[in-house]
Structures are given as structure tokens and as C-alpha cells.
Amino acid sequence: MSDSPIRSWLDRDGAVLRLRLARPKANVIDRAMMAALREALAAQAGGQGLKAVVLDHEGPHFSFGASIQEHMPDQLESMLTELHRLLRAILEYPVPVLMVVRGQCLGGGLELAGAGNLIFAATDAFFGQPEIQLAGFAPAASCILPERVGQARAEELLLSGRAISAADALRFGLVQDVSEDPEAAALAWVDTHLLPKSAIALRIALKGSHQVFARRVVERFAVVEKICMEELLPTHDMAEGMSAFLEKRQPAWRDC
């Protein structure tokens with residue numbers, strides 16, 4: 001197996017950048033994966049003929065989320081900084097980014113998928129932000145989900161920590177399409193709707209339609225980082241939630 005946490009290659013005569021998470025089955029989004037994704041995106045961003053990015057994954061699950069170990073108090077701030085750098089790179093990418101999701105898409109995995117333009121889901125996909133179950137919260141999702149699905153539905157997901165099916169995600173407007181083969185569906189959408197278009201026109205059209213959305217999300221990252229570091233990190237219950245998860249036991253909350 002390659003040492004890289006991702007695979008990347010050009011497809012459709014250089015018109016499509018393919019990215020693949022390559023740490024199955026969990027595809028944990030740690031700093032190494034974040035850096036590899038950001039570097040692969042940056043390497044192709046200036047390609048004159050590039051018209052789309054399609055990001056999928058090895059194994060049965062898109063991602064179980066960000067690394068729990070990197071959520072520990074001594075690493076949390078740097079982890080959030082790196083995650084938000086990656087999400088900003090996706091949100092501000094000059095061509096459409098399509099996400100292909102099978103199986104579980106949880107926590108940081110959903111934050112990654114939600115930063116893209118369109119999500120193509122398998123019928124077995126599930127989406128959720130379970131951080132609240134460990135006395136945490138999802139900073140990036142708190143910025144992205146309200147923009148994608150509306151405030152009430154975003155808060156229902158963020159406060160309950162429950163996972164929703166692909167069918168519910170389609171109903172919420174979180175995903176674009178649900179099918180047995182989401183990779184084929186995403187590539188077919190690219191072939192039909194993007195490849196015949198002018199690459200420069202696509203870039204300008206995306207900038208026109210997406211720039212304000214991306215700016216709203218990115219500007220809120222600093223706000224939620226501050227809440228996380230100054231209000232959540234000092235609590236007993238956040239440390240207890242992390243410890244309980246790693247020790248595979250039920251947490252004992254103190255509500256403080």
C-alpha cells in the first residue's frame with residue numbers, strides 16, 4: 001500500500017482531478033490526510049483545462065471523522081487550524097468539487113464532504129455530526145450545515161448527534177443524488193454538464209455563484225475556533241468525553 005493517505009490523478013484528458021481517500025476502512029481525517037489533500041488541490045488549481053474535482057474513497061466508508069487523538073487538548077488548536085485550511089481550500093477552489101460518499105460520513109468526514117459543491121451518495125450512506133455525544137461540537141459543520149440545509153435542520157443534526165440516511169440527506173438538500181453507484185453518477189454528471197463547457201466560463205460562473213457563500217462560511221471559522229478553544233476546551237466534560245471514547249466506556253458527565 002502507498003504511504004500516502006490519498007491517491008490523486010488526472011482523468012478525462014486532464015479535465016478532471018480525481019482524489020481518493022486511501023486509509024480504509026475508517027479513512028480518518030488526520031493532519032497527514034489534510035495536508036495531502038490540500039497539496040493535491042493546490043498542484044492542479046491553475047490548470048487551464050481543469051473543469052472539476054471528484055473526491056471519493058477506498059473501502060466501504062467515506063470517513064468516520066477526524067482523528068480523536070488530534071482532538072486532545074494539546075493538539076486541538078493546531079488540528080482545527082489545519083482542518084479549516086483544507087476546508088477553505090475546497091470552498092474557494094476555482095472549479096466545482098464533487099464528493100462521492102458510501103457508508104459512514106461522520107464528523108470531520110461530513111465537514112469535508114459538506115465543503116464541496118455537490119455530494120453524490122450511495123443508498124447505504126449515512127451522514128452525521130456525532131461530536132455532541134462526546135461533549136464536543138462540530139466547529140466547521142456549525143458554519144457549513146446552516147448554509148447547506150437551513151438553520152433548523154442544521155441545529156437538529158448538530159444538537160442530536162444523530163446520523164441520517166442518504167434518503168433523508170437528499171430530502172434535506174444535503175446531497176445532490178442517491179444511487180447504487182455514486183462514483184459513476186458523479187462522473188456522468190461531469191461528462192454531461194461540465195466537460196462540454198468552456199473551462200474559463202465555468203470558473204467565472206462558479207465564482208459568481210459561490211463566492212459569497214464561501215466567504216460567509218470562512219469568516220465564521222474564526223468565531224467557532226474561538227468558542228471551541230475558550231469555552232469548550234476548559235470544560236471537564238469535553239476531556240471526559242474524549243477519555244471515555246478512547247477507553248471504550250460510558251462517560252460520566254459533571255455538566256461543567
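A: Strand 2 and strand 3 (residues 52-57) run parallel and are joined by 6 bridges, where strands are DSSP runs of E with at least two residues, helices are runs of H or I with at least four, both numbered from the N terminus, and two strands pair if DSSP finds at least two bridges between them. The model is predicted, so that local features need pLDDT of at least 70 and side-chain atom pairs count only at pLDDT 80 or more, while totals for chains, interfaces and linings use all residues. Residues are numbered from 1 along each chain as its sequence is written, and side-chain values use heavy atoms, with hydrogens and water left out.

All 6 of the 6 residues of strand 2 are buried, meaning under 20% relative accessible area with a 1.4 Å probe and protein chains only (over 50% is exposed, in between partly exposed). In a regular strand the side chains alternate between the two faces of the sheet. Here Val16, Arg18 and Arg20 point one way, and Leu17, Leu19 and Leu21 the other.

Strand 2 (residues 16-21) also pairs with strand 1, in the antiparallel sense and over 6 bridges. Across this pairing Trp9 faces Arg18 and Asp11 faces Val16, and in the hairpin, with 4 residues between the strands, Arg12 has a positive phi near 50 degrees.

Both pairings belong to an open sheet of 6 strands in the order 1-2-3-4-6-9, with mixed pairing. Strand 1 (6-11) and strand 9 (177-179) are at its edges with a single partner strand each, so one side of each has no neighbour in the sheet. Neighbouring strands are turned by 20 degrees against each other on average, direction ignored. Helix 3 (residues 108-115) packs on this sheet and touches strand 2, strand 4 (97-101) and strand 6 (118-122), its direction making about 140 degrees with that of strand 4; contact means heavy atoms within 4.5 Å, and angles run from 0 to 180 degrees between N-to-C directions, with axes fitted to C-alpha atoms, for helices over the stretch in contact.

Helix 3 in turn packs against helix 4 (residues 139-149) at about 45 degrees, with the axes 9 Å apart. The contact involves Glu111, Ala113, Gly114 and Ala115 of helix 3, and Pro139, Ala140, Ala141, Ile144 and Arg148 of helix 4.
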